[in-house]
Amino acid sequence: MIRSIIKRICLILCLLAMAVLLGGCHGSKGLVAFELPKEFDESRTHEITFWAKNDTNMTQVGIYEKAIEDFEALYPNIKVNLRLYTDYGRIYNDVITNISTNTTPNVCITYPDHIATYMTGTNSVVQLDVLMADQAYGLGGSKVKFDSPTQAEIIPKFLGECMIDGRCYALPYMRSTEACYVNKTYVEALGYELPETLTWDFVWEVADAAAKKDEEGLYLLNGQKVMIPFIYKSTDNMMIQMLRQRGAGYSDADGNILIFNDTTRELLNTVAQHTAAGAFSTFKISSYPANFLNAGQCVFAIDSTAGATWMGCDAPLIDISEDLLAEFETVVMPIPQFDPEHPAMISQGPSVCLFNKEDPQEVLASWLFTQYLLTNDVQIAYASTEGYVPVTAKAQESDAYQDYLSREGEDNDLHYEVKIKASRLLLEHTEDTFVTPVFNGSASLRDAAGQMIEEVTKGVRRKKNVDDAFIDSLYQNVASLYRLDQSSGRSSSTVDSGALGPLPATAVLLLCGLAGTWVLMALYMACGWVKKKKKHSGK
Amino acid sequence: MKKIFAIVLALVAFAAFAVTGMAEGVMTYADYAAAEMDTEVVIETYVQAHQSWWDNKVTVYTQDQDGAYFLYELACSEEDAAKLVPGTKIKVTGYKGQWAGEVEVMDGTFEFVEGGDTFIAEALDVTELLGTEELINHQNKFVSFKGLTLEGVEYKNGEPGDDIYLTVSYNGQSYSFCVEVYLTGPDTDVYKAVAELQAGDVVNVEGFLYWYEGVNTHVTSIAKAE
């Protein structure tokens, strides 16, 4: 009798476990892949959200708002809600949080590195190849109500940056690179002449010379207590570009981590050497490069071309008080090179991805808005706010954009010389730009690359002995911190739990269910074995 | 003789601890202020407020009877961040740094001081120090300003949700203050109070004396002066 009851309880528990399991499976199914509807339903209202990033620049905010207003006038049945960010990292974090609850935005400014992580959600990011090519609603499509660029009109290099595993998951929105903003007045005061192309050797040599002090501890070059001859905003870019220029390993397309190599060690030693000479610091350690440059406390400031409106003593945006501004000539140059004959510089800037939804009409509405962001009016207006360049040849070659470029230096606002020179830098060097391979975990690797420079710089400042043992330990710590040591060769479809945070509740439930089922199965087998044994012993 | 010397030393150390209430190796505020940049610092201090926890880090405003500290991105679990309530005594080890004029503890770790006393600072009125070189001596303290004229309010993104930049003036000189969204978000009284103010209003302000290329108080309360 008791045995029969136990047997029934086991059976019921098994069934319950299976139910939980199936429920878990259902919950983890994700979204069905997007299928393009034949017609866009204009009889229904579609409300979509657009998470955008601006560079703490209200003109950019105004351009987003105007783009939405103009788009809604063309499509009165689409309502676009704008949510603004000033930090890509926050967008990334918020998107990841929202993927598990299916509350992602419809359209989102992003970086391909981030998309690789977003793609760990099943069909969460819309693959754009079919949409782009559609005759009716694709790029330049017949049923699109505005002058949309064709796929051929998007700068191929920029579109290529949005490809993951051979498929397109985003459209480029704006592109920038890094520039070296040089205080030419100081370079010449030190007895140097700027070369046609900056080299790392030249920059380090001049920076070391600029770090010399008098007996009272004031810098000879500016007579001030503060001087950071060479300051770098994004040390992740610094490491990535130096490695690329040296032809050294960083990562490969399969997601293998190659950064912990001898060239990296050599570069870190160079950074340490010049930090010790007082020639180098970083944004994270000291502050914005523009503030030091504009105060006459810096010779070489490397920052994005999208930060050009802050650079130079006549800059339209300035963060230091007027009495601290120094008078000097600002020159905009490509970042330093190891091989001037073959320059290499990073391509960066926002792209736009679409998140999948249950209603394909909603996705189509999002797609139409995304295309609208590539129209000439939006592209030229936004690119002109900073040292960005438009991502379409259609906009770059337009009379309006050419007129804008030709008016370089006419004023210190829209036609601010440094800003337009920064844009020209990228226009002239588009073919010299590169991006790093995208895979799930590539965002962490990028952080790690910058962290190594930060740690070495801090180490020297903190009087630590930055030697081989320090770098060995740094490699270990960084690999562990950014989880680069856990696996290699991760494709974009694998899960980076570090990037995604703790497992969702459904997944935990699913795993518990699995474990529970195994326990119950074992229990059931054990009961059967005991029963059998008793029968045998009863013989 | 050696034994006597050791006992005397131990007694001195105990007496010092009893008088200052500080563990061995912990700096006084004066020690901290005198320490060179980029040196390791160890302090015991009292939490006054903190910004929102994120990515296993939290930025904390602390103060003791002698001075104040800004602990930038202190390593901290979310669970511990919840325990960093005003008044709590913590022991912090980190490096002294300076970012855009703000002297802070960087790369810090901390532990709660078991059985420690509590301290919550009264706002120090520094109105008359505005525009003087003495103001920076009170950096990071909880302070108040009386009778400032609000010249402008600017939302970082043009609309509520992010930082709010306030331009205030006193004795004909303008200063930039900030309602830091990670300290006092849109749901807080101060964030809402700013929305009710207009340029030209005379206001009283409380906040932490943060620095960004000059004084840039992180405002925690603001009200029209009566």
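Predicted model: local features only at pLDDT ≥ 70, side-chain atom pairs only at ≥ 80, totals over all residues.
How many residues of domain 1 of chain B are in contact with domain 2 of chain B?

The domain assignment divides chain B into domain 1, residues 22-112, and domain 2, residues 124-224. Taken over C-alpha atoms, the centres of these two domains of chain B are separated by 23 Å. As for the question, 13 residues of domain 1 of chain B are in contact with 14 residues of domain 2 of chain B. On the domain 1 side, the elements of chain B that give two or more residues are strand S1 (40-50), strand S2 (57-63), strand S3 (68-75) and strand S5 (102-112), and S3(B) gives the most, with three residues. If we sort that side of domain 1 by class, we find seven nonpolar, five polar and one charged residues.

Let me move on to where the chains meet. Here 14 residues of chain A are in contact with ten residues of chain B, and the side of chain A that touches chain B has four nonpolar, seven polar and three charged residues.

Now to chain A itself, beginning with a sheet. Five strands of chain A form an open sheet in the order S2-S1-S3-S14-S6, with mixed pairing, and the edge strands, each of which pairs on one side only, are S2 (78-85) and S6 (171-172). Within this sheet, strand S1 (residues 46-53) of chain A runs parallel to strand S3 (residues 107-110) of chain A, and two bridges join them; A:Phe50 stands opposite A:Val107 in S3(A). Helix H2 (residues 58-74) of chain A packs on the sheet, where it touches S1 and S2 of chain A, and its direction makes about 170 degrees with that of S2(A). Helix H3 (residues 88-99) of chain A also packs on the sheet, touching S1, S2 and S3 of chain A, with a direction that makes about 135 degrees with that of S3(A).

My last item is a pair of helices in chain A. Helix H9 (residues 235-246) and helix H17 (residues 442-461) of chain A pack with their axes 7 Å apart, at an angle of about 100 degrees, and H9(A) and H17(A) are therefore roughly perpendicular to each other. Among the residues that make the contact are A:Met238, A:Met239 and A:Ile240 of H9(A), together with A:Arg446, A:Asp447 and A:Glu454 of H17(A). By class, the contact of H9(A) with H17(A) has six nonpolar, two polar and four charged residues.

Technical notes
Residues numbered from 1 in each chain as written. Chains lettered and ligands numbered in written order. Axes fitted to C-alpha atoms, helices over the stretch in contact; angles between N-to-C directions. Helix = DSSP H or I, 4+ residues; strand = E, 2+ residues; numbered from the N terminus. Parallel < 35°, antiparallel > 145°, perpendicular 65-115°, else oblique. Contact = placed C-beta atoms within 7 Å. Nonpolar A, V, L, I, M, F, W, Y, C, P; charged D, E, K, R; others polar. Pairing = 2+ DSSP bridges. Domains from an automatic or database assignment.
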